[in-house]
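Reader: I'd like to learn how to read a structure feature by feature. Could you walk me through one?

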Amino acid sequence: MTRPSAADLDPDDLGFEHVPETDQSFENALAKARDGRRLTVDDAVELLTTGSGTAGIDRKRKERVLVAADRRRAEVVGDEVTFVANLNNNVTTACNTGCLFCNFKDTAHQFEADHDGEHAGFTKTPAESRAAVRAAVERGVYEVTSVSGLHPAFALNEEHHEILRGIDDAASVANYKPPETYATDPGTYVEQLRAMSVDGVHLHSMTPEEAYHARRGTDWSYEAVYRELADAGLDSAPGTAAEILVDEVRDVICPGKIDTDGWVEAMEGAMAAGLDTTATIMYGHVDNEMHRAMHLKRVRDLQDRTGGITEFVPLSFVHERTPLYEHGVVSGGATDAEDELLIAVSRLFLDNVENVQTSWVKYGDEKALKTLSCGANDFMGTILSEEITKRAGGSYGEFRSFDDYVELITAVGRIPVERSTDYRERRRIDPDDGPPFGPSLGPKADGTPLLSERGGEGGATADD
């Protein structure tokens with residue numbers, strides 16, 4: 001299949017059917033939000049645009065939306081701001097999907113054993129993943145997040161390898177080449193998850209897109225795939241790869257990915273297998289406010305049916321090193337006002353999702369703290385290392401210590417709370433106890449800070 005490149009796109013002629021125009025009024029939409037009534041897509045558009053009949057975002061109206069969202073946040077989750085002690089361990093950057101918003105990937109042919117050129121990517125063996133996770137757990141980390149490129153040699157298990165080897169022209173038909181083609185064998189998904197599932201760590205991995213990759217060329221259901229992954233140690237699944245859940249946008253920015261229905265099907269499969277999930281949105285590229293509102297509706301509908309989404313994670317598009325930006329399809333990402341409104345409207349619209357996350361990696365400290373007054377209540381995690389945003393041009397760092405968290409959260413008058421991945425365990429931290437602060441919820445967490453005395457400066461050992 002020939003996929004469009006960013007150079008093929010005309011930013012002035014994307015031809016979207018869905019545009020941010022409604023018959024609703026901003027005042028009516030805001031009144032519904034304040035009263036706690038369930039919002040419609042048109043309501044969300046009015047709040048995201050501060051009035052779809054006017055040009056630009058109205059500053060005073062925006063502040064009214066933010067106040068309404070902050071009040072809702074206080075009613076739903078109170079003044080606690082949560083965070084988790086986690087490690088990002090990406091297995092590989094090898095990927096042929098060709099998403100135009102991404103600079104994390106390296107085309108997979110560069111990883112082949114007979115390739116002569118150099119590249120900046122990596123592939124970890126299961127043993128290397130296990131070593132990275134074990135070192136992090138020894139330091140007190142208790143969540144491992146793993147999101148990786150779709151390496152053509154990745155298969156669910158050995159049975160999957162045999163099926164894929166039997167497909168004629170498997171490289172074209174199923175994006176498959178056998179492990180011996182490559183300089184480094186990534187192992188199977190089952191082997192990687194077993195390797196990372198050490199010492200009671202919570203393993204948060206296998207996006208809907210990765211789950212599709214783990215069943216390509218078969219008639220296996222998503223539920224069956226996720227059950228096998230859960231047996232290998234998977235504890236919960238990230239609802240990333242969502243981008244914008246409107247196919248006319250996906251056809252532009254990620255035509256090689258599963259479509260909206262495929263993402264929803266995979267999420268339902270993960271939850272049918274007994275796994276908690278998260279849900280995301282990646283906005284601020286070619287999308288508009290109608291697309292964002294439609295996305296929120298699809299997430300809310302999914303939660304109505306399943307109840308398995310623990311948090312919603314807005315991801316603002318980081319543009320600097322992406323094909324969309326380099327080829328002039330976009331001139332930048334979302335504005336500060338758009339970021340604030342997206343978080344606020346997520347809080348007001350998603351009346352069935354308790355937790356809304358903000359990102360110091362995407363926004364930086366000052367802006368992320370502001371969004372804690374726009375409806376957000378979760379502040380991500382320690383991370384230890386981050387690759388995806390950094391490769392796209394992000395510059396806000398890769399590590400956040402518990403001391404940093406306590407200082408930042410108390411500075412805005414909120415309560416710092418260490419949490420487990422599923423939010424079922426929580427520990428309030430009393431700033432008066434004095435630093436240093438460290439994690440205590442994990443199997444080897446004893447309150448010791450995640451600093452150099454436990455194995456190197458934060459950020460020295462792994463990736464998002």
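Reader: Which elements do the buried residues of H18 pack against?

Author: In this predicted model, they pack against strand E1 (80-84), helix H15 (360-363), helix H16 (365-371), strand E9 (378-381), strand E10 (415-419) and strand E11 (426-428).

Reader: And which residues of helix H18 are buried?

Author: Start with the general idea: an α-helix has 3.6 residues a turn, so residues three or four places apart point the same way. In helix H18 (residues 402-411), the buried residues are Phe402, Tyr405, Val406, Leu408 and Ile409. Just after H18, glycine 413 has a positive phi of about 75 degrees.

Reader: What does phenylalanine 379 contact, apart from its neighbours within four places in sequence?

Author: Its partners include Tyr405, Leu408 and Ile409, along with Val81, Thr82, Phe83 and Trp360. Phe379 also belongs to the largest nonpolar core, which has 119 residues; together with Leu47 and Tyr226, Phe379 touches the most other members. Helix H14 (residues 336-349) gives the largest share of this core, seven residues.

Reader: Why does this core lie between domain 1 and domain 2?

Author: Because domain 1 (26-74) and domain 2 (77-433) both give residues to this core.

Reader: Let's turn to cysteines. How many disulfides are there?

Author: A disulfide is a covalent bond between the sulfur atoms of two cysteines. The count here is zero. Take cysteine 95: the closest cysteine sulfur, in cysteine 99, is 6.6 Å from its own sulfur, which is too far for a bond. For cysteine 99, the closest cysteine sulfur is in cysteine 254, at 5.2 Å, again too far for a bond. Cysteine 95 is buried, with a relative accessible area of 10%, and cysteine 99 is buried too, at 7%.

Reader: Is threonine 322 buried or exposed?

Author: Threonine 322 is buried, with a relative accessible area of 0%. Threonine 322 sits in the loop between strand E7 (309-316) and helix H13 (323-326). A polar atom of the threonine 322 side chain lies 2.9 Å from the backbone oxygen of histidine 319.

Reader: Finally, what pLDDT does the protein chain average?

Author: The average is 90, and 91% of the residues score at least 70. Over residues 386-397, though, the pLDDT is below 50, and this stretch has 45 contacts in the model beyond near neighbours in sequence. Residues 452-464 are also below 50, with 46 such contacts. Where pLDDT is low, the predicted coordinates should not be read in detail.

Key. Residues are numbered from 1 along each chain as its sequence is written. This is a predicted model: local features need pLDDT of at least 70, side-chain atom pairs count only at pLDDT 80 or more; totals for chains, interfaces and linings use all residues. Side-chain values use heavy atoms; hydrogens and water are left out. Helices (H or I, at least four residues) and strands (E, at least two) are DSSP runs, numbered from the N terminus. Buried means under 20% relative accessible area, exposed over 50%, partly exposed in between (1.4 Å probe, protein chains only). A polar contact is a pair of N or O atoms within 3.5 Å; within protein, one must be able to donate a hydrogen and the other to accept it, and residues adjacent in sequence count only if both atoms are side-chain atoms. A nonpolar core is a set of buried Ala, Val, Leu, Ile, Met, Phe, Trp, Tyr and Cys residues joined through side-chain atoms within 4.5 Å. Domain bounds come from an automatic or database domain assignment. Contact means heavy atoms within 4.5 Å. A disulfide is a pair of cysteine sulfur atoms within 2.5 Å. pLDDT is the predictor's confidence in each residue, from 0 to 100.
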